[in-house]
Structures are given as C-alpha cells and as structure tokens.
Amino acid sequence: MSHTVRSRITTAVPAAVLAVALGVSLPTPAAAHGAEAPPSSTGSTPIGTWDATVTLPDSGHQATFAFAAGGVACMSFGGPGEFGGSGLGTWWRTGTNRFSFKILHDVHDPSGTVVGWVGVNQQALQQADTFTGSGVSQLFAADGTQTGTTTAQVSATRRSTTHADSGHSPATATRPASTPQCGEGT
C-alpha cells in the first residue's frame with residue numbers, strides 16, 4: 001500500500017464518535033499532558049504540518065500529519081483512485097523533545113468505500129524539524145470489529161510551522177461543522 005500523499009478527506013463521521021463506537025481511547029486536547037507548554041521551556045514542539053513515511057511490517061505509505069497547539073492531531077494519506085484515509089486525534093508532550101499521539105483514521109479503497117479503521121498510537125522523538133515514532137496500531141473492519149494489531153514506524157520532516165498548511169493539511173471536506181478540525185483551539 002505505498003502511495004503518494006494527496007489531500008483528500010473522506011471521513012464523514014466524527015473521529016470522537018467512532019473512537020467511542022470502536023472502543024479506542026483518544027485523550028482530549030484538554031488532557032493532553034501539557035501540549036501547550038512553550039517550546040523554550042521544554043524543547044521542540046511538533047506544531048505544524050509534516051510529510052511522513054509510515055512503515056508497516058509488510059508495506060508502507062506516505063502520509064501528512066498536522067499538529068495544533070491545542071493538542072489536536074490530524075493525518076491523511078492516499079488520494080483519488082488510491083487506497084487512502086484521514087483521521088483526527090490528539091497529541092501531548094511526554095518529555096523534552098518527546099511527544100505521543102493517537103489518531104483514529106479510516107481506510108478507504110480506490111472507489112472511496114471505507115474498508116476499515118486504524119487506531120494509531122505513536123511515541124515520538126523530535127529533533128528540530130524531524131521526528132521518528134513507533135507504536136502499535138489497532139486494526140478494525142469497516143463494521144468496527146477489531147481484526148488485529150500491527151507495529152508501525154513513522155519518519156517525518158516538517159513542511160510548515162503552521163497548523164493549517166492550506167490545500168495540504170488534513171482538515172475537512174465532508175466532516176460535519178461541529179466536528180473539531182486540525183488547527184482549531186489554537
């Protein structure tokens with residue numbers, strides 16, 4: 001499933017509702033363990049838009065991540081005619097130059113049909129405008145049935161220090177207006 005990054009959002013159901021339905025725990029931005037601490041006092045901050053390579057045991061793909069000061073995290077991958085997906089979650093500091101994030105994202109086939117969901121859980125180490133992360137993701141069928149887990153590694157380079165790099169940020173196309181979006185609350 002190796003694909004180039006393109007901006008396409010197909011998630012029409014709020015990630016928080018899906019997280020509850022799938023039993024995935026996503027901390028709220030308010031409980032994000034100091035996500036808004038000033039960079040000068042605690043090291044680097046992941047706020048901004050990132051181009052990433054996600055490596056799985058048997059495949060990988062390119063992705064875009066965006067992290068906002070209020071603890072909101074977003075990701076998207078794929079594009080029209082490709083397998084892809086997008087999702088929403090949270091990030092929080094875990095130490096100097098370290099942060100964690102959880103994102104629930106859909107996976108859709110090339111026709112746009114949702115074929116599953118992934119609950120991403122990553123622990124990351126940031127060095128200026130790069131970060132590496134690793135973790136275990138939960139895998140779900142389209143009906144919400146958990147089908148397994150997989151390890152994942154992320155290697156990313158910051159594209160922008162703004163949270164909404166217009167035209168490329170995993171924001172919204174069909175997400176309901178009441179759903180938090182990447183960049184809100186900053």
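Which pattern does the chain follow when it is read along the sequence? Read in that direction, the chain follows the pattern α-α-β-β-β-β-β-β-β-β, with 2 helices and 8 strands in the chain. Helices (H or I, at least four residues) and strands (E, at least two) are DSSP runs, numbered from the N terminus. The structure is a predicted model, in which local features need pLDDT of at least 70 and side-chain atom pairs count only at pLDDT 80 or more, while totals for chains, interfaces and linings use all residues. Residues are numbered from 1 along each chain as its sequence is written, and side-chain values use heavy atoms, with hydrogens and water left out.

## The chain as a whole

Of the 186 residues of the chain, 46% count as buried, where buried means under 20% relative accessible area, exposed means over 50%, and partly exposed lies in between (1.4 Å probe, protein chains only). The chain exposes about 8000 Å², and carbon and sulfur atoms supply 56% of that area; accessible areas come from the Shrake-Rupley method with a 1.4 Å probe, and for residues only the protein chains shown count as cover. Among contacts between residues at least 6 apart in sequence, 56% join residues at least 24 apart, a contact being heavy atoms within 4.5 Å.

## The nonpolar cores

In soluble globular proteins, nonpolar side chains tend to be buried together. A nonpolar core is here a set of buried Ala, Val, Leu, Ile, Met, Phe, Trp, Tyr and Cys residues joined through side-chain atoms within 4.5 Å. The largest nonpolar core has 20 residues, and those with the most contacts inside it are Phe65, Phe67, Phe101 and Phe131. The strands β1 (48-55), β2, β3, β5, β6 and β8 each supply at least two residues of this core, and its largest share, 4 residues, comes from β5.

Phenylalanine 65 touches a list of residues that includes Trp50, Val54, Met75, Phe101, Ile103 and Val154, when residues up to four places away in sequence are not counted. A second, separate core of 5 residues includes Ala66, Ala68, Val72 and Leu88. Alanine 66 has its place in strand β2 and counts as buried, at 0% relative accessibility; its C-alpha atom is separated by 9.1 Å from that of serine 76, which is 10 residues away along the chain.

## The largest pocket

Rolling a probe the size of a water molecule over the atoms shows where empty space is left. On a 1 Å grid over the protein atoms alone, a cavity is a set of points where a 1.4 Å probe fits but cannot get out, whereas a pocket is an open set with protein on both sides within 12 Å along at least five of seven lines, and lining residues have an atom within 4 Å of a point. Grid points are joined across faces, edges and corners, and a volume is the space filled by probe spheres set on the points.

The largest pocket has a volume of about 320 Å³. Of the 19 residues that line this pocket, the closest to its centre are Leu56, His61, Val118, Leu139 and Thr150. The lining divides into 12 nonpolar, 6 polar and 1 charged, where Ala, Val, Leu, Ile, Met, Phe, Trp, Tyr, Cys and Pro count as nonpolar, Asp, Glu, Lys and Arg as charged, and the others, Gly among them, as polar. At least two lining residues come from each of β2 (60-67), β3 (72-77), β5 (98-108), β6 (114-127), β7 (130-141) and β8 (146-160).

## Residues on neighbouring topics: strands and loops

Valine 118 is found in strand β6, aspartate 106 lies in strand β5, and serine 137 is found in strand β7.

| Residue | Relative accessible area | Class |
|---|---|---|
| Aspartate 106 | 0% | buried |
| Valine 118 | 13% | buried |
| Serine 137 | 4% | buried |
| Asparagine 97 | 24% | partly exposed |
| Alanine 128 | 49% | partly exposed |

From C-alpha to C-alpha, aspartate 106 and valine 118 are 6.3 Å apart in space and 12 residues apart in sequence, while valine 118 and serine 137 are 6.5 Å apart in space and 19 residues apart in sequence. Leaving aside neighbours within four places in sequence, the contacts of valine 118 include Ile103, His105, Ser137 and Leu139, and those of serine 137 include Val118, Asn121, Thr150 and Ala152.

Most residues other than glycine have a negative phi, and most peptide bonds are trans. Asparagine 97, in the loop between β4 (85-95) and β5, has a positive phi of about 60° although it is not a glycine. Alanine 128, in the loop between β6 and β7, has a phi near 55°, which is also positive.
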